Amino acid sequence: MAIRQILYLPDPALKTVCDPVDSVTSEVQALMDDLLETMYDDNGIGLSANQVGVLQRVLVMDVPKGAWKYTGEDADGILHIGSARRGDAGAEETDEEIDTHNVLMMANPEIIEASEQKSAYLEGCLSVPGQFADVVRPAKVKVRYLDRDGKTQEQEFEGLDSHCVQHEIDHLNGIVFIDHLSRLKRSTLVRKLEKYKKSHNLD
Ligand code: NI
């Protein structure tokens with residue numbers, strides 16, 4: 001396994017619609033493993049192949065179990081999602097020994113069902129370092145994909161898991177979370193990103 005270089009906006013790879021893989025070869029498996037290691041190295045919960053410059057429809061994610069909770073519903077009927085850390089009021093007591101990892105590796109993921117109900121979450125992205133914004137998406141989705149063994153899987157997602165899988169599938173379609181924001185919010189965030197990159201020597 002190897003840690004790969006994460007690309008930042010405005011790298012053209014992040015605007016590219018990625019190609020499906022023919023099958024989950026050992027090269028694709030190695031890519032999945034590298035993506036996972038790279039994601040952990042940068043404390044992410046999801047990473048897509050084009051974020052490291054590989055233009056294939058491959059992603060990985062690991063949203064820890066119990067990492068989120070619904071915090072309420074707003075006047076527009078949108079469910080809001082917050083983080084649920086140990087010690088938070090209402091959060092279940094978690095033992096240090098419990099493995100909260102929830103690793104998923106996907107090739108050719110497709111959203112095959114999406115709920116009418118929407119949810120909002122303060123999203124960030126390893127390719128847009130230091131920047132966060134509320135993004136509204138379908139609260140629940142069903143995704144069909146090939147797993148690391150090349151087996152077809154169908155899985156339902158909600159909450160943070162749902163935002164994460166939709167965010168990563170967006171990447172494979174050349175869409176970054178800031179593309180869901182208004183033009184004004186987006187341009188403000190892009191300006192802040194450029195300042196952030198300069199002050200942290202990122203390019
Ligand atoms: Ni991202």
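Tutor: Let us begin with strand 4 and strand 6 in this predicted model. Two strands count as paired if at least two bridges are found between them. Strand 4 and strand 6, the latter spanning residues 118-123, pair over 2 bridges.

Student: In which sense, parallel or antiparallel, do strand 4 and strand 6 pair?

Tutor: They pair in the parallel sense. Leu 79 has Ser 119 of strand 6 as its bridge partner.

Student: How many bridges join strand 3 and strand 4?

Tutor: Strand 3, residues 68-73, is joined to strand 4, residues 79-83, by 5 bridges, here in the antiparallel sense. Opposite Lys 69 one finds Gly 82 of strand 4.

Student: What lies between strand 3 and strand 4?

Tutor: The two strands form a hairpin, with 5 residues between them. In the turn, Gly 77 has a positive phi of about 80°.

Student: Turning to the cysteines, how many disulfides does the structure hold?

Tutor: A disulfide requires two cysteine sulfur atoms within 2.5 Å. The structure holds 0 disulfides.

Student: Is Cys 18 buried or exposed?

Tutor: The cut-off for buried is under 20% relative accessible area. Cys 18 has 4% relative accessibility and therefore counts as buried. Cys 164, at 5%, also counts as buried.

Definitions and conventions:
Residues numbered from 1 in each chain as written. Predicted model: local features only at pLDDT ≥ 70, side-chain atom pairs only at ≥ 80, totals over all residues. Heavy atoms only, no water. Helix = DSSP H or I, 4+ residues; strand = E, 2+ residues; numbered from the N terminus. Buried < 20%, exposed > 50% of the residue type's maximum accessible area, 1.4 Å probe, protein only.
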